[in-house]
Amino acid sequence: MKKIEDYWNDVLIYSVVFTTLEERMISKILIFPMDYTMEDIHTSIMTNFENIKCVDSVDEYMFGMALKNKTIGKSAC
């Protein structure tokens with residue numbers, strides 16, 4: 001019998017606000033693995049978005065689950 005962990009990874013969902021080099025404030029909901037530290041999150045944002053001046057806030061929003069593999073199974077109802 002398969003467990004939920006066989007199909008899903010636990011993640012944390014964050015509300016993030018950052019400022020661009022053009023002084024625009026951008027708000028996003030971002031998902032990170034459970035083992036990411038705040039430093040990892042800041043580094044990831046600064047590395048993976050372009051033209052970022054600074055990360056203004058990172059607030060934990062909720063726990064979530066991310067599908068491990070693209071699997072297609074039964075439809076719901």
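This section describes the strand arrangement, helix packing, surface patch and salt bridge of a predicted model.

The strands form an open sheet of three members in the order E2-E1-E3, and their pairing is antiparallel.

Strand E1 (residues 8-20) runs antiparallel to E2, and nine bridges join the two. Two of the residue pairs can be named. Phenylalanine 18 has isoleucine 26 in E2 as its bridge partner, and leucine 12 is paired in the same way with phenylalanine 32, also in E2. The hairpin of E1 and E2 has four residues between the strands, and in this hairpin glutamate 23 takes a positive phi near 70°.

The sheet is also contacted by a helix. Helix H1 (residues 38-48) packs on the sheet and touches E1, E2 and E3. The direction of H1 makes about 115° with that of E3. Serine 44 is placed in helix H1. The relative accessibility of serine 44 is 17%, and the residue therefore counts as buried, the cut-off being under 20%. With residues up to four places away in sequence not counted, serine 44 touches Phe32 and Tyr36. Of these, Phe32 is the bridge partner of leucine 12 in E2.

On the surface, a nonpolar patch is formed by Ile4, Tyr7, Trp8, Met65 and Leu67, which together have about 460 Å² of accessible area. Methionine 65, one of the patch residues, is found in strand E3. At 43% relative accessibility, methionine 65 counts as partly exposed, because the value falls between the 20% limit for buried and the 50% limit for exposed residues.

The structure holds one salt bridge. In this salt bridge the side chains of lysine 53 and glutamate 23 meet at 2.6 Å, N to O. Lysine 53 lies in strand E3 and glutamate 23 in the loop between E1 and E2, so the pair ties together parts that are 30 residues apart in sequence. Lysine 53 has a relative accessibility of 45% and counts as partly exposed. Its partner, glutamate 23, is the residue with the positive phi near 70° in the hairpin of E1 and E2.

Technical notes
Residues numbered from 1 in each chain as written. Predicted model: local features only at pLDDT ≥ 70, side-chain atom pairs only at ≥ 80, totals over all residues. Heavy atoms only, no water. Pairing = 2+ DSSP bridges. Contact = heavy atoms within 4.5 Å. Axes fitted to C-alpha atoms, helices over the stretch in contact; angles between N-to-C directions. Buried < 20%, exposed > 50% of the residue type's maximum accessible area, 1.4 Å probe, protein only. Patch = residues over 30% accessible without salt bridge, like charges linked within 9 Å, V, L, I, M, F, W, Y side chains within 5 Å. Areas by Shrake-Rupley, 256 points an atom, 1.4 Å probe, with all protein chains shown as cover. Salt bridge = Lys/Arg side-chain N within 4 Å of Asp/Glu carboxyl O.
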